[in-house]
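Here is a short tour of one protein structure. Take a look at the sequence and the model before reading on.

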Amino acid sequence: MMRSLLLLALCGLLACKQGPDENKPDIIVPGPALPVQVWTTSADQAALMSSRTQDFSTSADDRHPIIAVDTLQALQPIEGFGFTLTGGSALLIHQMPDSERAALLKELFSTEANGIGVSYLRMGVGSTDLDPEVFSYNDLPTGNIDPDLLQFSIARDEEHLIPVLKEILAIAPDLHLMGSPWSPPTWMKTNGSSIGGRLKTEYYAAYAEYFVKYIQAYQAHGIRIDAITPQNEPLHGGNNPSMEMSAAEQAAFIRDHLGPAFQQAGIDTKIIVWDHNCDRPDYPIEILDDPAAKAFVHGSAFHLYAGTTSALSEVHEAHPDRALYFTEQWTGRNGTFDGDLQWHVRNVIIGTTRNWSRVALEWNLANDPDYALHTPGGCTECKGALTISGASVSRNVAYYVVGQVAKFVPSGSVRLNTAEPAGLPSVAFLRPDGTKVLLVLNEGSSSQSFNIQAGSRWIRASIPAKSVSTWVWK
């Protein structure tokens with residue numbers, strides 16, 4: 001689990017430089033090794049995870065504010081940072097030439113050399129709206145039913161998704177995986193459609209067994225599903241695929257069917273509720289207020305298309321014995337690197353973790369240049385962290401949003417408490433090897449100097465305008 005990133009000082013540090021055709025990471029030879037590593041990405045892309053080193057100072061510079069990192073106050077554990085590996089993403093990666101695919105996966109999932117150390121992936125249980133077509137694991141001709149799931153099959157996933165996952169897990173065997181369904185099989189639904197509708201009560205038991213079979217089928221391939229959510233965005237029935245599910249319905253499904261089915265099958269995969277926006281903390285609280293349902297629930301997951309990240313703290317205060325996750329936020333084809341870098345670092349990375357999230361995930365890992373890999377009615381503007389065209393890869397803003405933290409904060413780390421000066425949003429972590437990590441955002445239009453109080457030592461720090469920097473030290 002523990003990844004020793006300080007070995008980087010012995011073999012070179014990462015610098016991502018914008019060339020005429022792509023922004024590909026390169027290795028540079030560092031100067032004299034100093035104890036504090038600093039990595040920066042700027043909104044103007046002059047720096048893209050570029051690195052330098054600096055030394056500690058014996059005192060603070062009284063002219064500038066202080067970010068005090070409290071190494072004695074460990075808060076929530078961190079499970080990982082990453083993306084959703086949609087079916088479209090998996091197809092694009094799997095169809096790359098072997099050598100280019102191997103290099104890309106090593107860059108994404110390794111923490112060595114130019115790797116960014118992605119440690120958590122979310123996947124669709126069946127298709128997401130960023131798959132080339134809609135499917136479930138038990139599709140039948142109209143009018144047919146299969147309550148015993150005799151025709152259950154993950155054959156679609158075996159074409160691209162599972163082969164890519166096996167290559168990823170060979171690089172990062174401790175990677176966490178979460179499965180989220182956009183829709184159950186249509187024959188289980190009240191409207192018989194992949195869009196909207198609700199789960200028929202007579203198929204609650206069959207749908208619980210559907211999850212059991214999904215987890216077991218992946219297990220047969222040597223792939224552990226660490227967590228599932230019962231439904232992606234359960235109050236949004238307009239996507240394709242999608243399904244609506246009220247808090248009362250989700251509580252009943254978990255309490256009476258899914259939890260007992262996992263228990264009977266000996267499955268320890270975590271059950272995470274909600275998986276929707278920050279404007280409805282009442283939804284997961286309603287489920288967790290049911291003691292019989294709560295007994296099977298590990299935590300709650302959020303998106304940020306509505307509401308604010310303070311909703312996570314509201315759920316934490318109501319049920320501090322349950323975990324919190326942030327599982328999706330998109331970047332769009334018409335967004336700017338400048339605006340998206342700052343908004344996503346401030347909200348998705350800093351905002352969610354400072355509000356008790358153990359995970360922060362951006363949405364789609366990869367898109368094609370034409371944004372063509374989506375279902376009918378699915379998202380036509382969702383920009384991936386990568387744009388892949390054959391063997392060619394471009395790195396987009398979400399790559400750097402996640403890279404600025406995933407590379408330095410592995411699973412098993414914990415969040416540390418920090419005092420946050422005005423204008424410098426920040427979050428700090430303690431890694432299993434004792435290394436400290438501080439991520440700071442400067443949204444101002446000029447460079448900002450400040451001090452980092454690191455125990456009895458000081459770091460005199462400076463961050464360029466509209467930039468995010470990560471400081472790493474022992």
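Pro241 sits in the loop that runs between strand E9 (227–228) and H7. This is a predicted model. The peptide bond from Asn240 to Pro241 is cis. Its omega is near 5 degrees. Most peptide bonds are trans.

Helix H7 spans residues 247–265 and contains His257. His257 is partly exposed, because its relative accessible area is 26%. Leaving aside neighbours within four places in sequence, His257 contacts Tyr204, Ala205, Ala208 and Ala252. Arg415 is elsewhere: 158 residues separate it from His257 in sequence, and the C-alpha to C-alpha distance is 35 Å.

## Two tryptophans with positive phi

Most residues other than glycine have a negative phi. Trp274 has a positive phi of about 75 degrees, although it is not a glycine. Trp274 belongs to strand E10. Trp274 has a relative accessible area of 1%, so it is buried.

Trp356 also has a positive phi, near 85 degrees, and is a residue other than glycine. Trp356 lies in the loop between H11 and E14. With a relative accessible area of 24%, Trp356 is partly exposed.

Which residues of helix H10 are buried? In this helix, residues 310–318, they are Ala311, Leu312, Ser313, Val315 and His316.

These buried residues pack against several elements. Among the strands are E10 (270–278), E11 (299–307), E12 (323–328) and E14 (357–364). The helices are H8 (282–288) and H11 (337–354).

## Where H11 meets H12

H11 packs against helix H12, residues 397–406. The angle is about 40 degrees, and the axes are 9 Å apart. The two helices are therefore oblique to each other. H11 passes H12 in a right-handed crossing.

On the H11 side, the contact is made by Phe337, Asp340, Leu341, His344, Val345 and Ile349. On the H12 side, Val397, Tyr400, Val401 and Val405 take part. By type, the residues of this contact divide into 8 nonpolar, 1 polar and 1 charged. An α-helix has 3.6 residues a turn, so residues three or four places apart point the same way.

Strands of a sheet pair through backbone hydrogen bonds, either parallel or antiparallel.

Strand E5 (residues 66–77) and strand E22 (residues 448–454) run parallel, joined by 4 bridges. Val69 stands opposite Ala454 of E22.

## Strand E20 and its partners

E20 is mostly covered: 4 of its 5 residues are buried. E19 and E20 run antiparallel, with 3 bridges between them. Arg415 has Phe429 of E20 as its bridge partner.

E20 and E21 also run antiparallel, joined by 5 bridges. Leu430 stands opposite Lys436 in E21. E20 and E21 form a hairpin with 5 residues between them. Gly434, in the turn, has a positive phi of about 90 degrees.

## A buried aspartate in a loop

Where is Asp61 placed? It is in the loop between E4 and E5. Is Asp61 buried or exposed? Asp61 has 12% relative accessibility, so it counts as buried. The cut-off for buried is under 20% relative accessible area. Not counting residues up to four places away in sequence, Asp61 touches Asn451 and Arg460.

Note on methods: Residues are numbered from 1 along each chain as its sequence is written. This is a predicted model: local features need pLDDT of at least 70, side-chain atom pairs count only at pLDDT 80 or more; totals for chains, interfaces and linings use all residues. Side-chain values use heavy atoms; hydrogens and water are left out. Buried means under 20% relative accessible area, exposed over 50%, partly exposed in between (1.4 Å probe, protein chains only). Contact means heavy atoms within 4.5 Å. Axes are lines fitted to C-alpha atoms, for helices over the stretch in contact, and angles run from 0 to 180 degrees between N-to-C directions. Angles under 35 degrees count as roughly parallel, over 145 as roughly antiparallel, 65 to 115 as roughly perpendicular and the rest as oblique. A crossing is left-handed if the near helix is turned anticlockwise from the far one by less than a right angle, and right-handed if clockwise. Ala, Val, Leu, Ile, Met, Phe, Trp, Tyr, Cys and Pro count as nonpolar, Asp, Glu, Lys and Arg as charged, and the others, Gly among them, as polar. Two strands pair if DSSP finds at least two bridges between them.
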